[in-house]
Amino acid sequence: MKSVLLALAVLFPTAALAEPIETQKIITAVTGDFNGDGAVDLAMVVETEPGHPMDVHFFLRDKEHNYLKPVEIVHEQILGEWNSYDRPGYENSDTEPELTMLPNGSIKFYLPAMPVGSERTDMTLTIAWRNGAFIVAGFAYDHYDYMKENAESACEYNVLTGKGTSSEKQPDGSTKHKTVSVEGQTIAFKDWNPGTTFTACGD
């Protein structure tokens, strides 16, 4: 039988625990001060169903009562590979997302490419806490096709300001660089659509 995350249940008031979390479905987690109040917060990527995008659970520490308070669950925004943790023969995957805490309190989500055809696109999102919600503050990607020569492109830009840079490998092997300059946006993480940010990069 799959175990429930009892350790977290002890920390949270029962009424505040919006959804139970099974330990074997926690792919990765990161702690840090997301909202700048000097307390340690928590974010976790949690698997849902085989072949489905993953959920992200955010918790902010309530300093007055000293517990981690669940503040947001962003459903099915993170792509990754289902690895059947509750079955024999589990092996590590190279398509699991990674979380890193940045010095400014933002969270870096690295999303490795899913193996579809010969093309691969690795993405990186920078998630920040602003005005009571988690938003997409930055976006970057690296794209390549291992079946084609010089089929590479990349982009990195600040979603809030709309400024950044992009590059694309040319047939002769040279690299063409461009400036990204679009209207800045405030996009809630729960509402993020990859197409919006790829379009800003000129794709």
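User: Great. What should I know about the model and the numbering?

Analyst: This is a predicted model, so to speak with care: local features need pLDDT of at least 70, side-chain atom pairs count only at pLDDT 80 or more, and totals for chains, interfaces and linings use all residues. Residues are numbered from 1 along each chain as its sequence is written, and side-chain values use heavy atoms, with hydrogens and water left out.

User: How many helices and strands does the protein chain have?

Analyst: The protein chain has two helices and twelve strands. Those are DSSP runs numbered from the N terminus, with helices being H or I of at least four residues and strands E of at least two. In sequence order the pattern is α-β-β-β-β-β-β-β-β-β-β-β-β-α.

User: And how much of the chain is buried?

Analyst: Of the 203 residues, 42% are buried. Buried is under 20% relative accessible area, exposed is over 50%, and partly exposed is in between (1.4 Å probe, protein chains only).

User: Which residues touch the most other members of the largest nonpolar core?

Analyst: Phe58, Phe109, Leu125, Phe139 and Phe189 do, in a core of 32 residues. A nonpolar core here is a set of buried Ala, Val, Leu, Ile, Met, Phe, Trp, Tyr and Cys residues joined through side-chain atoms within 4.5 Å. Among the elements that give two or more residues to this core are strand S3 (54-62), strand S4 (67-78), strand S7 (119-130) and strand S8 (133-145). There is also a second, separate core of six residues, which includes Leu42, Met44, Phe59 and Leu68.

User: What is phenylalanine 189 in contact with?

Analyst: Leaving aside neighbours within four places in sequence, its contacts include Val56, Phe58, Val74, Phe109, Leu125 and Ile135. Contact means heavy atoms within 4.5 Å.

User: Switching topic: how many salt bridges turn up?

Analyst: The search of the whole structure finds two. A salt bridge needs a side-chain nitrogen of Lys or Arg within 4 Å of a carboxyl oxygen of Asp or Glu. Glutamate 152 pairs with lysine 169, their closest N and O atoms being 3.9 Å apart. Glutamate 152 lies in strand S9 and lysine 169 in strand S10 (residues 163-169), so this pair ties together parts that are 17 residues apart in sequence. The other joins aspartate 191 and lysine 190 at 3.4 Å, N to O.

User: Are those lysines exposed or partly exposed, and which is which?

Analyst: Lysine 169 is partly exposed at 23% relative accessibility, while lysine 190 is exposed at 52%. Glutamate 152 is partly exposed too, at 42%.

User: What about arginine 120, buried or exposed?

Analyst: Arginine 120, in strand S7, is buried and has no salt bridge. The nearest side chain of opposite charge is aspartate 122, 7.3 Å away; Lys and Arg count as positive and Asp and Glu as negative, while His and the chain ends are not counted. Beyond its neighbours within four places in sequence, arginine 120 has contacts that include Met114, Asp142, His143 and Tyr146.

User: Last one: which cysteines does a disulfide join?

Analyst: Cysteine 155 and cysteine 201, with S to S at 2.0 Å; the rule is a pair of cysteine sulfur atoms within 2.5 Å, and the count comes to one. Cysteine 155 lies in strand S9 and cysteine 201 in the segment after helix H2 (194-200), so the pair ties together parts 46 residues apart in sequence. Both cysteines are buried. The torsion about their S-S bond is about -80°, so the disulfide is left-handed.
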